[in-house]
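Please look through the sequence and the model before reading on.

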Amino acid sequence: MKKFVFTIALLSLIFSTVTSCSTDDNADTEDGNLTSSETLGAYVAPIGVPDAWISPDIESPERPSSWETELAGYYFVEYAVGSDTDNTYGTPSSPRKTIPNPVPAGSYVVVAGNYNYIQNDIKLRGEGTGDTWVAGESGPVWVVSDSENKAEITDKKMLLSGSYVYLDGFYFHSGGRIQLGSYQPGSQVDHILIRNSEMKGEVDVAGGVLINTVGLEEGPAKDIIIYNNKAHRIGPLDSDVDIDARGCSIQSYTSNMWVLDNEFSNSSAGLQVEAGSLANQTTTHHIYISRNHIFDIAQAGIGIKYALDIIISENVVHDIIDTPWSPSKGIGFQYAPDRVWILFNEISNVYTGIRGGSDNGGAGTNGKSVFIIGNLIKDVTINGTAHNGATSGLGIEINNGATPRYIINNTIVNSDIGVANGYYNSTMFIENNMISNTKDFDIMLEDSYLTGSQSTLRNNHFDAEAKITWSNGVTHDLASFQTAFSKGEGCISANPLFVDTSVEDFSLQASSAAIDAALQPSDLTFDVYAHFESLYGLDIRVDFNQVSRPNNGSWDMGAFAN
């Protein structure tokens with residue numbers, strides 16, 4: 001709907017930048033002191049995402065307008081025809097062969113053509129600083145593609161390490177990929193920007209990752225931005241065995257990482273954050289996955305395991321492919337991640353919109369578990385039978401949640417089942433949601449578990465014929481559910497009166513009963529909005545379209561404010 005149209009338009013604009021070459025070759029930079037490198041662009045942070053140390057669309061230094069002789073701090077590299085002999089910096093007419101190692105602070109390195117390095121891995125280590133960029137003296141290291149002869153990495157892994165290294169405009173393909181950090185000591189990674197690049201994998205692979213972070217206990221990876229890239233086509237989509245070929249993998253000892261405004265598509269797996277174990281849980285934290293477009297991915301668009309303080313905001317995730325080993329899901333979490341915030345995402349054409357797996361016995365040791373707030377989940381249906389035997393699509397599925405899962409102010413439409421508990425005892429606080437046009441159930445809690453007695457259902461809006469089964473195998477309408485369980489206070493069963501479902505506008509007409517009928521944040525079982533602000537210093541009291549809430553003094557049910 002509104003956000004979807006806006007996001008697609010934004011991504012179209014973004015990726016026209018990725019596939020074109022920048023033309024920063026018109027300014028005189030003889031003194032090397034570039035205040036333009038500190039100028040911010042048009043980037044606006046997604047909901048709930050703090051600013052990094054720089055804006056990801058920060059302007060790079062400008063290429064010299066006259067570059068006939070070597071200039072201190074400015075390197076021109078073309079592996080195929082260049083030479084490093086008596087050639088400290090290189091020029092377009094007489095390039096260096098290799099990128100210097102390490103690259104000193106204040107460097108601006110232009111790479112032209114295929115960097116077909118003869119060794120197994122390409123080691124790019126920068127010694128940048130956070131100071132103002134002065135050519136050959138101070139500031140970050142910029143490594144950028146030539147505007148006319150695209151920088152390419154093929155059949156090699158680029159191992160990027162060091163500090164304040166900004167890589168812009170590269171094309172990784174035919175086995176080319178990038179890893180931030182390495183498994184060897186001395187390869188710490190901090191203040192890294194990877195942007196405007198394309199990573200194209202291979203279909204016939206048994207694993208691999210296009211963008212990967214690897215931190216070490218003695219050298220963690222931190223302060224990293226992955227912005228405006230396209231990572232696609234790694235691994236088969238129709239394999240009968242688990243192929244962990246991913247667009248992006250964020251591993252243990254990684255923190256303060258922003259994955260923003262990228263496209264991930266046509267791969268055996270999407271984007272995963274995995275600390276590796278409960279012992280490493282606290283090493284992987286403050287990861288911001290926001291405003292990415294993720295589609296035509298097998299098993300899961302976004303997966304979270306073990307990690308802490310993960311904010312997943314404003315992503316568009318759709319057309320996730322079911323597999324024999326893992327069901328199709330837009331966003332999944334398992335193995336006791338904590339303080340996971342799934343905010344204002346749009347998820348569609350999947351078998352499960354958001355799926356919570358096992359706690360692994362460890363959740364709840366810090367914070368207040370998993371928060372699912374303000375999302376639009378739609379068109380979650382199964383025609384036939386899934387690989388795991390399921391015949392009903394699930395908007396939100398929570399399994400084995402030993403600590404609370406907060407499901408607040410979401411809109412779920414055109415789903416077989418709105419909210420479900422599949423296996424083992426879970427605790428869910430289901431409040432202020434809009435659930436409409438379900439085929440089987442609005443709420444379905446499996447019997448034989450204690451989920452019903454442990455969970456809360458308040459101030460939700462269902463269609464005129466609500467269908468609720470609450471851990472006892474009996475289907476109730478809203479009135480009989482309220483009588484049988486003394487729950488469901490403030491819930492409504494009526495026509496939702498969306499503005500126009502034919503164009504997927506699920507905001508509310510002025511006469512909808514859902515308007516002004518939601519709980520105020522302070523009246524929720526737990527004030528998730530105040531809790532977020534106390535943890536991160538940001539206010540997420542907005543709706544799906546970033547309209548401040550409340551806009552009329554009272555809150556509306558669902559993801560959209562009237």
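## Basis

The model described here is predicted.

## The second largest pocket

The second largest pocket has a volume of about 360 Å³. Its lining is made up of 23 residues, and those nearest the centre are Gln-299, Lys-305, Ser-326, Lys-329 and Gln-334. By type, the lining residues of this pocket divide into eight nonpolar, nine polar and six charged.

At least two lining residues come from each of the strands β18 (269-274), β21 (300-305), β24 (329-334) and β27 (352-356). β21 gives the largest share of the lining, with five residues.

## Strands at the pocket

β21 and β24 run parallel and are joined by five bridges. Lys-305 is opposite Gln-334 of β24, and both of these residues are among those nearest the centre of the second largest pocket.

β24 is also joined to β27, in parallel, by four bridges. Ile-331 has Ile-354 in β27 as its bridge partner. Five of the six residues of β24 are buried, so the strand is mostly covered.

## Ser-268

Ser-268 is in the loop between β17 (263-267) and β18. With a relative accessible area of 1%, Ser-268 counts as buried, because the cut-off is under 20%.

Beyond its neighbours within four places in sequence, Ser-268 is in contact with Ile-234, Gly-235, Pro-236, Leu-237, Ile-243, Ala-245, Ala-298 and Gln-299. Of these contacts, Gln-299 also belongs to the lining of the second largest pocket.

## Ends of helix α3

Asp-477 caps the N-terminal end of helix α3 (residues 478-485). One of its side-chain oxygens lies 3.4 Å from the backbone nitrogen of Ala-479. Just after α3 comes Ser-486, which has a positive phi of about 55°.

## Backbone features

Two cis peptide bonds can be located in the model. The bond from Asn-101 to Pro-102 is cis, with omega near 0°, and Pro-102 is in the loop between β1 (74-77) and β2 (103-104). The bond joining Arg-549 and Pro-550 is cis with omega about -10°; Pro-550 is in the segment after α4 (528-536).

Glu-314 is not a glycine, yet its phi is positive, about 60°. Glu-314 is in the loop between β22 (308-313) and β23 (316-321) and is buried, with a relative accessible area of 5%. Asn-459 has a positive phi near 50°. Asn-459 is in the loop between β37 (456-458) and β38 (461-462), and its relative accessible area of 10% makes it buried.

Conventions: Residues are numbered from 1 along each chain as its sequence is written. This is a predicted model: local features need pLDDT of at least 70, side-chain atom pairs count only at pLDDT 80 or more; totals for chains, interfaces and linings use all residues. Side-chain values use heavy atoms; hydrogens and water are left out. On a 1 Å grid over the protein atoms alone, a cavity is a set of points where a 1.4 Å probe fits but cannot get out, and a pocket is an open set with protein on both sides within 12 Å along at least five of seven lines; lining residues have an atom within 4 Å of a point. Grid points are joined across faces, edges and corners, and a volume is the space filled by probe spheres set on the points. Ala, Val, Leu, Ile, Met, Phe, Trp, Tyr, Cys and Pro count as nonpolar, Asp, Glu, Lys and Arg as charged, and the others, Gly among them, as polar. Buried means under 20% relative accessible area, exposed over 50%, partly exposed in between (1.4 Å probe, protein chains only). Contact means heavy atoms within 4.5 Å. Two strands pair if DSSP finds at least two bridges between them. A polar contact is a pair of N or O atoms within 3.5 Å; within protein, one must be able to donate a hydrogen and the other to accept it, and residues adjacent in sequence count only if both atoms are side-chain atoms.
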